[in-house]
Amino acid sequence: ALPFANVTDAVIRRELKSCPDMETFKARIRDEIFRTVREIVASKKNLYVIPSPYLSLFFDGCVERERDISLGCKYNNWGLHGTGLAPAADMLAAVDQAVFEEKLPAQTLLAAMDANYVGFDELHSHLKNDCPKMGNDDDRADAYAVWLLNTFAESVKGLKNERGGIVRAGTGSAMYYIFHAAEMGATADGREADVPLPANYSPSLNVKLNGPVSLVKSFTKPDLRRTINGGPLTVEFSESVFSQEESITKVAQLVRLFVRRGGHQIQLNTVNRDRLLDAQKHPENYRNLIVRVWGWSGYFVELDKCYQDHIIRRAELYREDIAVAAIDQEGVDRVTAAQAADELLNIIGIDTSFVLFPDQEGRVILSARSMGDVNVQVVLEKLGGGGNAATAGAQVPGKGVDEVNDMLLQAIDAY
């Protein structure tokens, strides 16, 4: 997979200080994309594909040539995923505005990134909240996504794999978005080091979105015919969106808008927490319940419990725009909790999230994120925590998850 975000971050760290303008900087990004793509293609040699005699029966030429499809067929095309497109576009937009327009010294930006923005609160807030972000129908960010995908398409043009097939660019991520995020620190768009990349063709986590229509408009600006090895635009709604016929009609209109504007894959998600919990207790009643898991779908009752719990996350809406996830089980760590809090903010309509879980030392750990008007630092200070308005945490010793959850809800009510 071409790691858009990693490539962009690497060039920022290595080249930004020597670039006099944005066009020079973009040229460096283009060179790195071309180099990375060629390196990836060149590394995929002597691949072993599991033989499939039955599948071979359905493809022209296999029987006639007495050749299994695993050894090649008439068409032998490969596809390359592209991870972190939106964060990469957001980074470019932030560099354009902050460094080349507002004249922020590149060295200051790099120092803030190296410090994970600790001690750079004002700059962090500016990059994260004031600079353009893909998903809001803002051409200042969306144009960079268009350019990045066009550059990706150009980089694979004319390339052949070892079986003579072409190489196709795409917007999917599979599981690479997890691996690629782990390789990066804080980035120029204001993303902190522990925040994961979005899956597939989706906006950055922790981005305040104007709404689903702006989201669809942003993600249909690129010419997706050139990057057809694609992944879906994932749009997650709170369950209340589907409670009225009018809302369902609007969602259908949203899908129609996506298709008519040239989109090629869209995935709509909504999870009913009570139904999933009941499915754990009475699996015989939910044999056909299908859920979306990291890049793939499966029957909920056939998943291991750890995956079921991961999907549920005991998430519930507290008020219309606040999500609280209380995970009363061992084995959860701070990174997982932070990722859970980030993911909850991807649900359309959720501006604030809280995740709490027990640790091995008898404490309940809380992680909070906010993209709206709720100052999570003020809320968690009532539980002995701290942080800043957008990101905060707390540790409560000597109490159980349910008791701390009640304390949290009281603190939210008192806010």
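## Helix packing and a pocket

The model is predicted: local features need pLDDT of at least 70 and side-chain atom pairs pLDDT 80 or more, while totals for chains, interfaces and linings use all residues. Residues are numbered from 1 along each chain as its sequence is written, and side-chain values use heavy atoms, without hydrogens and water.

Helices (H or I, at least four residues) and strands (E, at least two) are DSSP runs numbered from the N terminus. Two packed helices are described by the angle between their axes and the distance between the axes. Axes are lines fitted to C-alpha atoms, for helices over the stretch in contact, and angles run from 0 to 180 degrees between N-to-C directions.

| Pair | Angle | Axis distance |
|---|---|---|
| α1 and α2 | about 130° | 10 Å apart |
| α1 and α6 | about 125° | 10 Å apart |
| α1 and α5 | roughly 25° | within 7 Å |

**α1 with α6.** Helix α6 spans residues 106-114. Its crossing with α1 is left-handed (the near helix is turned anticlockwise from the far one by less than a right angle; clockwise is right-handed). Asp9, Ile12 and Arg13 in α1 meet Leu110, Met113 and Asp114 in α6, where contact means heavy atoms within 4.5 Å. These residues divide into three nonpolar, no polar and three charged. Ala, Val, Leu, Ile, Met, Phe, Trp, Tyr, Cys and Pro count as nonpolar, Asp, Glu, Lys and Arg as charged, and the others, Gly among them, as polar.

**α1 with α2.** Helix α1 covers residues 4-15 and helix α2 residues 22-43, at an angle of about 130°. That makes α1 oblique to α2. The crossing is right-handed. On the α1 side, the contact includes Phe4, Val7 and Val11; on the α2 side, it includes Phe25, Ile29 and Ile33. The contact holds seven nonpolar, two polar and four charged residues.

**α1 with α5.** These axes cross at roughly 25°. That makes α1 roughly parallel to α5. Phe4, Ala5, Thr8, Asp9 and Ile12 in α1 meet residues of α5, among them Leu85, Met91 and Val95.

**The pocket.** The second largest pocket is lined by 35 residues; Lys128, Asn129, Asn206, Ser370 and Ala390 lie nearest its centre. α5 (85-101), α7 (121-130) and β13 (363-370) each give two or more residues to the lining. α7 gives the most, with five. The lining divides into 13 nonpolar, 12 polar and 10 charged residues.

Note on methods: Angles under 35 degrees count as roughly parallel, over 145 as roughly antiparallel, 65 to 115 as roughly perpendicular and the rest as oblique. On a 1 Å grid over the protein atoms alone, a cavity is a set of points where a 1.4 Å probe fits but cannot get out, and a pocket is an open set with protein on both sides within 12 Å along at least five of seven lines; lining residues have an atom within 4 Å of a point.
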